[in-house]
Amino acid sequence: MRSYTLLAAAKINLYLEIVGSRPDGFHELIMVMQSVSLCDRITVRSIGVDEIRVRCDHPLVPADETNLAYKAAALVMSQYPGAMAKLGGVEITIEKQIPVGAGLAGGSSNAAAVLVGLDLLWNLGLTQSELQELGAELGSDIPFCVSGGTAIATGRGEQLDALPGIDNLHLVIAKYESEFVSTPWAYKTYRAEYGDTYVTDAKGWQERQAQVRSGEMVRAVARRDAIAVGQHLCNDFEKIVLEAHPKTAALKATMADLGGLGTLMSGSGPSVFTLAGSEAEAKELATKLRTALPDSDLGVWTAQFLPSGVQLVS
């Protein structure tokens, strides 16, 4: 049976601003997102029966239709039923490295890899834009996870504009395995506490987008200025998540005190990252962090920025 193996890259948010509520119920966002080399390994394999099977080595990852990877396969099958009729169903194997429920788009990256993998497996010939359109039906982060690299994301996160790639930055990522943040809770809580600050019309959203596009973070990325990128890290979710999760707040404070170019929570958390100028610096910061917080519940990883999202291995 034919198979393809792909790497699904995690993403971090260098900038995340919640602008307002959209008519469709989602939030209007402005984000600068970056792919990093902490990756899950996804294998898609043809099987002789008309069904979707998901296997994963992590106990917290569901192997049923609630898994985003499963949903991605089901969506492709519904859009291209002739391919399944001709070639049969698919088995998806997920080897996890990206921590679960961490604000690193692990589930979204897995779904993106399945979309790319099925395009190859079934010879669909889809363009990247077509794959991203499919992904947007499943989740706001999936279009970015398909293309990856460095991008500014607007709308609910699915509208992407590529930015010049940053290839000179490394990072340390840390997360307490027992700490989880519900993304719906984070949005609901943010709206309850800061809804009176929301921009309420499309013109206001466009003005805010223009300000960010010409702002400090985007200029720093365009210049590939690592120090400036670290200085202008921003995540609105920190206002509510760190208050509700003191353990994660303490983790961020400790990481910031250890050095590096800048420290931030990614997405809705609770993972925290510190930027570093080199691999050696990242490894040194990781060692310092494990010494400062010798807790078996704390996962610590080092990674570097990547120019792409899903990568074909074999």
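Begin by selecting Lys 252, which is found in helix H11 (helices are DSSP runs of H or I with at least four residues, strands are runs of E with at least two, both numbered from the N terminus). This is a predicted model, in which local features need pLDDT of at least 70 and side-chain atom pairs count only at pLDDT 80 or more, while totals for chains, interfaces and linings use all residues. Residues are numbered from 1 along each chain as its sequence is written, and side-chain values use heavy atoms, with hydrogens and water left out.

Is Lys 252 buried or exposed? Its relative accessibility is 19%, so Lys 252 counts as buried (buried is under 20% relative accessible area, exposed over 50%, partly exposed in between, with a 1.4 Å probe and protein chains only). Show its contacts next (heavy atoms within 4.5 Å): leaving aside neighbours within four places in sequence, Lys 252 meets Glu 238, Leu 242, Thr 263, Leu 264 and Val 272.

Move on to Gly 262 in strand S9, residues 262–265. Gly 262 is buried, because its relative accessibility is 14%. Its contacts, not counting residues up to four places away in sequence, are Gly 230, Leu 233, Phe 273, Thr 274 and Leu 275. Draw a distance from Gly 262 to Thr 274: the two are 12 residues apart along the chain, and their C-alpha atoms are separated by 5.5 Å.

Now pick Pro 270, in the loop between S9 and S10. The peptide bond joining Gly 269 and Pro 270 is cis, with omega at about 5 degrees. Most residues other than glycine have a negative phi, and most peptide bonds are trans.

Select residues 279–292, helix H12. The 14 residues should span 20 Å at 1.5 Å a residue, and the end C-alpha atoms are 20 Å apart, which agrees (the expected span is 1.5 Å times one less than the number of residues). Colour the buried residues of H12: Ala 282, Leu 285, Ala 286 and Leu 289. They cover an arc of only 105 degrees around the axis, so they sit on the same side of H12 (the arc is that of the directions from the helix axis to the C-beta atoms). On the face turned away from that buried side, look for the exposed residues Ala 280 and Thr 291. The cover over the buried residues of H12 includes strand S7 (170–176), helix H11 (246–257), strand S10 (272–276) and strand S11 (298–304).

How many cavities of 30 Å³ or more does a search of the whole structure find? The search finds one. On a 1 Å grid over the protein atoms alone, a cavity is a set of points where a 1.4 Å probe fits but cannot get out, whereas a pocket is an open set with protein on both sides within 12 Å along at least five of seven lines; lining residues have an atom within 4 Å of a point. The largest cavity has a volume of about 50 Å³ (grid points are joined across faces, edges and corners, and the volume is the space filled by probe spheres set on the points). To see its lining, select Val 172, Met 255, Leu 258, Thr 274, Leu 285 and Leu 289.

## The largest pocket

The largest pocket has a volume of about 1,200 Å³. It is lined by 45 residues, and the closest to its centre are Leu 68, Ser 108, Asp 141, Thr 183 and Ser 268. H3 gives the largest share of the lining, four residues.

Centre the view on Ser 108, which lies in helix H3. Ser 108 is buried, with a relative accessible area of 11%. Leaving out residues up to four places away in sequence, Ser 108 touches Leu 68, Asp 141, Ile 142 and Cys 145.

## Two backbone stops

Select Ala 105, in the loop between strand S4 (90–95) and H3. Ala 105 is not a glycine, and its phi is positive, near 60 degrees. At 11% relative accessibility, Ala 105 counts as buried.

Finish at Arg 224, in the loop between helix H8 (216–222) and helix H9 (226–231). Arg 224 has a positive phi of about 55 degrees although it is not a glycine. With 41% relative accessibility, Arg 224 counts as partly exposed.
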